[in-house]
Amino acid sequence: MKKLSRKHKIALIELVLVLLIALYFFAPRSFSLAMGSGFDREQVTQIQVDLTNYSGDGQPGRTLRLDPADQGAQELLDRLEDKWYFPYYVEGDSRQITLDYAIQLTFSQPEGDYCCSLTGDRAIDMVDSAGRSRSYQVSGSEEFQRSLLDFLLQQEYTIQE
């Protein structure tokens, strides 16, 4: 077998480094990793769900608070953990609202809050406890978000004034 020249070895190392960098930026992540470092499902003390009505029917938005011990909170976390989150590198200033409600999920933990915003748009915006914002997409994003909205609308809620 022929030995690789020094130039070929360097080129091979460069190729591996480029692949590792690409993998870091584009590889799918679990929900916990997408939310940011420090997020731990077991450390969540409360989940607040704010549903802002955009349907134009004049109904107020809805708010619900889920205790982590509740079945609803566990099912919500299971649904979120069931998907792979792919980084989405597009400006996040304007999102299309294709659902009747914009969904804002706030996960409270002892070291800070983590937020997740869903509007039915391809992107799902997440903010970690340090305030760093990232956008992700999942396969079947609109259907997934619609199923989450349907699930959340079935939960007990309080009407926002």
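Trainee: Why is Arg 79 called partly exposed?

Mentor: In this predicted model, Arg 79 has a relative accessible area of 27%.

Trainee: What makes the pair Glu 75 and Arg 79 a salt bridge?

Mentor: The closest N and O atoms of Glu 75 and Arg 79 are 3.0 Å apart. The limit is 4 Å between a side-chain nitrogen of Lys or Arg and a carboxyl oxygen of Asp or Glu, so the pair qualifies. Both residues lie in helix H3 (residues 71–81), four residues apart, about one turn of the helix.

Trainee: Why does Asp 128 count as buried?

Mentor: Its relative accessibility is 2%. Buried means under 20%, so Asp 128 is buried. Its salt-bridge partner Arg 132, with closest N and O atoms at 3.1 Å, is partly exposed at 44%.

Trainee: How do you know that Arg 29 is buried?

Mentor: The relative accessible area of Arg 29 is 16%, and the cut-off for buried is under 20%; Arg 29 is therefore buried. Arg 29 is found in the loop between helix H1 (6–26) and helix H2 (31–35), and its side chain reaches the backbone oxygen of Ala 27 at 3.0 Å.

Trainee: What makes the link between Gln 137 and Arg 122 a polar contact?

Mentor: Their side chains are joined at 2.7 Å, and the limit for such a pair of N or O atoms is 3.5 Å. Gln 137, in strand E7 (residues 133–137), is buried at 18% relative accessibility.

Methods
Residues numbered from 1 in each chain as written. Predicted model: local features only at pLDDT ≥ 70, side-chain atom pairs only at ≥ 80, totals over all residues. Heavy atoms only, no water. Helix = DSSP H or I, 4+ residues; strand = E, 2+ residues; numbered from the N terminus. Buried < 20%, exposed > 50% of the residue type's maximum accessible area, 1.4 Å probe, protein only. Polar contact = N/O pair within 3.5 Å; in protein donor to acceptor, adjacent residues only side chain to side chain.
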